[in-house]
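Please look through the sequence and the structure shown here before reading the briefing that follows.

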Amino acid sequence: MKTLLRRVATRLARAPIIDTGLGFRYYQYRPQSLPYAELEAHNIEWAKNIKPGDVVFDIGGNFGTISLLAASRGATTFAFETNIGNLARLQENARLNGWWDRINGFCIAVSDETGMGTMLNNKPQLAHIGLY
């Protein structure tokens with residue numbers, strides 16, 4: 001786990017930092033990634049309803065775009081991401097913006113059912129998954 005986190009941190013150190021113009025920045029860790037406003041344009045309108053003190057659950061957090069948008073509006077977020085590499089990126093993006101107190105990441109799956117399940121991952125060595 002520590003080796004993976006070190007690799008992610010090394011890659012992010014070389015990644016360009018994108019200023020979204022929406023009150024936060026993020027690491028563009030894939031060169032082919034679209035700028036934030038194009039990638040998540042449909043969420044910008046939704047986020048206008050978020051007020052300071054709100055709580056947002058980001059299911060499938062990826063590298064944190066929804067959590068970052070919500071945190072930029074003063075919300076506390078709980079992000080659930082099953083891929084430990086993406087979760088590490090999400091946490092680095094929270095750190096980049098100084099929002100450790102607003103963005104909480106969890107490496108678990110979320111479902112409407114209680115129990116254990118199987119989740120497919122194209123990189124099974126990165127998956128540490130619990131279903132709650």
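Is D54 buried, partly exposed or exposed? With a relative accessible area of 26%, D54 is partly exposed, where buried means under 20% relative accessible area, exposed means over 50% and partly exposed lies in between, for a 1.4 Å probe and protein chains only. This is a predicted model, in which local features need pLDDT of at least 70 and side-chain atom pairs count only at pLDDT 80 or more, while totals for chains, interfaces and linings use all residues. Residues are numbered from 1 along each chain as its sequence is written, and side-chain values use heavy atoms, with hydrogens and water left out.

**Overall build**
- The protein chain has 5 helices and 5 strands, which are DSSP runs numbered from the N terminus (helices H or I, at least four residues; strands E, at least two).
- Read from the N terminus, the elements follow the order α-β-β-α-α-β-α-β-α-β.
- Of the 132 residues in the protein chain, 39% are buried.
- The protein chain exposes about 7800 Å², of which carbon and sulfur atoms supply 53%, with accessible areas taken from the Shrake-Rupley method with a 1.4 Å probe and, for residues, only the protein chains shown counting as cover.

**Salt bridges**
- There are 2 salt bridges, each defined as a side-chain nitrogen of Lys or Arg within 4 Å of a carboxyl oxygen of Asp or Glu.
- One of them joins K51 to D54, with the closest N and O atoms 3.9 Å apart.
- E92 and R95 also form a salt bridge, at 3.0 Å from N to O, and both residues lie in helix 5 (residues 84-96), 3 residues apart, which is about one turn of the helix.
- R95 is partly exposed, its relative accessible area being 37%.

**Aromatic residues**
- The whole structure holds 4 aromatic pairs, counted when the ring centres of Phe, Tyr or Trp (its six-membered ring) lie within 6.5 Å, with planes under 30 degrees apart called stacked, over 60 edge-to-face and the rest tilted.
- F80 and F106 form a stacked pair, 5.5 Å centre to centre with 20 degrees between the planes.
- Because F80 lies in strand 4 (residues 76-80) and F106 in strand 5 (residues 103-106), this pair ties together parts that are 26 residues apart in sequence.
- F80 is buried at a relative accessible area of 13%, whereas F106 is partly exposed at 34%.
- F57, F78, F80 and F106 form one aromatic cluster.
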